[in-house]
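Here is a friendly briefing to read with the model open beside you.

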Amino acid sequence: MPRGEAPCGMGGFCSLNDLVPGTHCRVARLKGCGAIRQRLLDLGLVNGAEVTVIRAAPLNDPIAIRVGNAVLTVRRAEAATIEVERD
């Protein structure tokens with residue numbers, strides 16, 4: 001798969017966890033619940049937010065993402081609950 005290519009299925013939606021560094025996308029929805037979901041919302045991962053995957057840690061967890069002007073790191077398990085669509 002070429003760099004920046006996301007394995008999005010029908011409709012172009014996939015998990016933030018599935019994206020490779022360099023991919024630009026928009027948040028479609030958060031599937032999680034509870035305190036983790038609220039924390040992600042507080043950090044700016046709301047519907048329509050533009051996200052860029054920057055890099056993955058050497059052991060592939062966590063991943064660094066850019067949301068607006070902020071750089072965040074999220075665990076792969078948390079990233080799996082964030083549904084995105086490619087730009």
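Setting aside residues up to four places away in sequence, Ser 15 touches Ala 79, Ala 80, Ile 82 and Val 84. Please keep in mind that this is a predicted model.

- Ser 15 belongs to strand S1, which covers residues 13–15.
- Is Ser 15 buried or exposed? Its relative accessible area is 12%, which is under the 20% limit, so Ser 15 counts as buried.
- Ala 80 is one of the residues that Ser 15 touches, and the side chain of Ser 15 also reaches the backbone oxygen of Ala 80, at 3.4 Å.
- Ile 82 is another residue on the contact list of Ser 15, and Ile 82 returns below as a member of the nonpolar core.

**The nonpolar core**

- In soluble globular proteins, nonpolar side chains tend to be buried together.
- Here the largest nonpolar core holds 19 residues. Leu 16, Leu 45, Val 51, Ile 65 and Ile 82 are the ones with the most contacts inside this core.
- Which strands each supply at least two residues of this core? They are S2 (24–30), S3 (50–56), S4 (63–67), S5 (70–74) and S6 (82–86).

**Strand pairing**

- S2 pairs with S3 in the antiparallel sense, over 3 bridges. In this part of the model, His 24 stands opposite Thr 52 of S3.
- S2 also pairs with S6 in the antiparallel sense, over 5 bridges. Leu 30 has Ile 82 in S6 as its bridge partner.
- Ile 82 therefore links several topics: Ser 15 touches Ile 82, the core counts Ile 82 among its members with the most contacts, and Leu 30 is bridged to Ile 82.

**The chain as a whole**

- The chain contains 2 helices and 6 strands, and along the sequence they follow the pattern β-β-α-β-β-β-α-β.
- Of the 87 residues in the chain, 32% are buried.
- Among contacts between residues at least 6 apart in sequence, 52% join residues at least 24 apart.
- The chain exposes about 5200 Å², and carbon and sulfur atoms supply 52% of that area.

Terms used. Residues numbered from 1 in each chain as written. Predicted model: local features only at pLDDT ≥ 70, side-chain atom pairs only at ≥ 80, totals over all residues. Heavy atoms only, no water. Helix = DSSP H or I, 4+ residues; strand = E, 2+ residues; numbered from the N terminus. Buried < 20%, exposed > 50% of the residue type's maximum accessible area, 1.4 Å probe, protein only. Contact = heavy atoms within 4.5 Å. Areas by Shrake-Rupley, 256 points an atom, 1.4 Å probe, with all protein chains shown as cover. Core = buried A, V, L, I, M, F, W, Y, C linked by side-chain atoms within 4.5 Å. Pairing = 2+ DSSP bridges. Polar contact = N/O pair within 3.5 Å; in protein donor to acceptor, adjacent residues only side chain to side chain.
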